[in-house]
Amino acid sequence: MIKLEFEHRQAGHCENGVTSNLLNYHQYKISEPMVFGIGAGLFFSYLPFMKMQHAPTTTFRVWPGMIFDRLTKELGIQTVILKFRDPRESMTKLNEVLDQGYPVGLQVGTYNLTFFPPEYRMHYNMHNMVVYGYDHETYFVSDTLMEKLVEISYEDLMRVRYAKGTFAPMGRMYYPTYVPKEINLKPAIINGIYKTANNMVGVPFFPLIGVKGIRYLARQMRKWEKKLGPEKASYYLGQVLRMEEEVGTAGAGFRFIYGAFLDEASRVLNQEWLKELSIEMGENANKWREFSYYGSRNCKKRGKADQSYDFLADMLMDCADREEKIFKKLAKIK
Amino acid sequence: MDEKPNPVYKDERYGQSRELSYSYDKTGNYEKTVGFHGEPDRVIIQQAWDHFNERITEAKEKVLAGKVSPIAYYMEKNLVDTLSLSMLAGISIWRVKWHFRPRVFNRLKTKTLEKYASAFNITVEELKKVE
């Protein structure tokens with residue numbers, strides 16, 4: 001039996017929380033917004049050709065696993081990232097690593113996750129959690145969504161690690177092995193901000209990514225009711241809102257976390273203008289939140305829209321304008 | 001964030017966990033709060049479950065009327081689509097769609113049925129009928 005002394009802290013987003021908690025175990029304190037900012041997690045993309053739960057996908061973050069990869073690379077932290085074909089082999093390797101004394105981050109699907117709140121148990125393969133010990137057939141798990149530490153059995157853990165569908169995790173496991181004594185945050189923060197700004201306003205031609213993607217979504221949204229009928233249009237809108245609010249984004253599609261990051265970055269870098277931008281980002285996040293509030297009223301009426309799609313699309317356009325202004329300023333960071 | 005569960009959810013087991021979320025106030029401070037979901041968030045989650053339950057009942061009626069095979073019902077019940085099902089069972093997506101026809105389904109080999117049964121985590125006997 002192995003049970004490491006792992007400090008469990010709740011977090012707004014699973015991957016940030018896992019990364020921050022894993023580094024905390026190696027005696028390196030880093031906050032959740034900082035992880036998100038340096039990992040350049042903020043993103044927007046609308047993918048109408050990729051259906052998830054019978055509706056087009058809208059994503060507010062980069063591909064799963066990318067935040068951890070980028071952060072550790074920027075800070076010079078040594079890591080091990082593994083994928084397996086054979087489920088049994090992956091479980092044996094997990095036990096071996098735990099025996100060596102490293103807590104391990106895992107990418108899992110949420111459908112068969114027994115301890116998860118039942119309302120979230122849909123097929124979603126981008127969830128992350130930490131395993132910090134095992135006892136025969138029981139594994140001890142720290143999940144940043146939950147308030148307390150939880151447990152899961154061998155069979156269930158194997159099933160969630162090999163969930164199928166879009167973004168299948170393939171038993172992906174990752175853990176840091178060595179953290180350098182002195183870490184210089186400043187260049188890492190500047191790189192992270194630059195990458196995010198480039199993702200949001202710097203991608204040429206392709207209309208589905210970043211600020212252009214938000215505008216594209218808004219334009220499509222105006223046509224939904226005519227094209228799809230009230231029922232389906234309402235469900236599509238609900239899907240956008242679920243991706244924005246529910247899948248562990250800590251509210252308003254990560255805009256709150258990013259604002260908190262800019263606030264912290266202004267103190268680390270000693271640059272006052274970042275503080276001003278963090279205030280603008282906070283107002284922008286509140287606008288997104290308002291959008292989801294009015295959107296949910298539309299969903300509640302099930303098609304008899306008292307908040308029309310034009311009204312909602314105008315709100316999205318407003319958000320896009322605000323973000324374009326913010327990220328164009330951020331792209332000039334030195 | 002509300003203090004306690006409110007009646008938007010139709011299932012009693014829903015909405016019991018408290019989560020962390022960030023918020024921003026006008027003075028320029030970001031705050032972390034731990035609490036239950038507010039009403040707008042509950043509405044959109046309940047909408048998804050309404051959608052799934054509707055599809056499940058629809059599929060069940062179709063199976064009982066003899067229009068599709070039970071595979072279609074179990075697929076909806078497990079909240080997957082044809083692509084995920086083909087990955088789970090290890091059968092190509094076109095064959096999965098072909099097996100939705102009742103006549104084809106009735107002639108399937110036990111080996112194929114076992115693949116579907118293990119994908120849905122049930123026995124072959126359960127797969128052949130809809131409860």
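Chain B of this predicted model has an average pLDDT of 82, with 93% of the residues scoring at least 70, where pLDDT is the predictor's confidence in each residue, from 0 to 100. Within chain B, the confidence is lowest in β2(B), with a mean of 76, and highest in helix α4 (residues 93-98), at 91; helices (H or I, at least four residues) and strands (E, at least two) are DSSP runs, numbered from the N terminus. Where pLDDT is low, the predicted coordinates should not be read in detail. For the complex, the predictor gives an ipTM of 0.80 and a pTM of 0.85.

A word on conventions, please. Residues are numbered from 1 along each chain as its sequence is written, while chains are lettered from A and ligands numbered from 1 in the order in which they are written. Because this is a predicted model, local features need pLDDT of at least 70 and side-chain atom pairs count only at pLDDT 80 or more, whereas totals for chains, interfaces and linings use all residues.

Now to where the chains meet. The contact takes 37 residues from chain A and 29 residues from chain B, two residues being in contact if their C-beta atoms, placed from the backbone, lie within 7 Å. On the side of chain B that touches chain A, the elements giving two or more residues are β1 (19-24), β2 (30-35), α1 (39-64) and α3 (82-89), and the largest share, eight residues, comes from α1(B). That side of chain B divides into 16 nonpolar, nine polar and four charged residues, where Ala, Val, Leu, Ile, Met, Phe, Trp, Tyr, Cys and Pro count as nonpolar, Asp, Glu, Lys and Arg as charged, and the others, Gly among them, as polar.

Chain A is divided into domain 1 (2-30 + 78-178) and domain 2 (186-330), with bounds that come from an automatic or database domain assignment, and 29 Å separate the centres of the two domains, taken over C-alpha atoms. In chain A, strand β9 (residues 173-178) pairs in the antiparallel sense with strand β4 (residues 78-82) over five bridges, and Thr79(A) stands opposite Pro176(A) there. Strand β5 (residues 104-108) of chain A also pairs with β9(A) in the antiparallel sense, over two bridges, with Leu106(A) opposite Met173(A); two strands pair if DSSP finds at least two bridges between them.

What about the interior? The largest nonpolar core has 93 residues, of which Val131(A) and Leu316(A) touch the most other members; such a core is a set of buried Ala, Val, Leu, Ile, Met, Phe, Trp, Tyr and Cys residues joined through C-beta atoms within 7 Å. A residue is buried if 20 or more other C-beta atoms lie within 10 Å of its own, exposed if 12 or fewer, and partly exposed in between, with C-beta atoms placed from the backbone. Helix α11 (residues 309-330) of chain A gives the largest share of this core, nine residues, and the core lies between domain 1 and domain 2 of chain A because both give residues to it.

Finally, consider the backbone. Most residues other than glycine have a negative phi. His136(A), however, has a positive phi of about 50° and sits in the loop between β6 (127-135) and β7 (138-142) of chain A, where His136(A) is exposed, with 8 other C-beta atoms within 10 Å. Leu79(B) likewise has a positive phi, of about 60°, and is partly exposed, with 18 other C-beta atoms within 10 Å.
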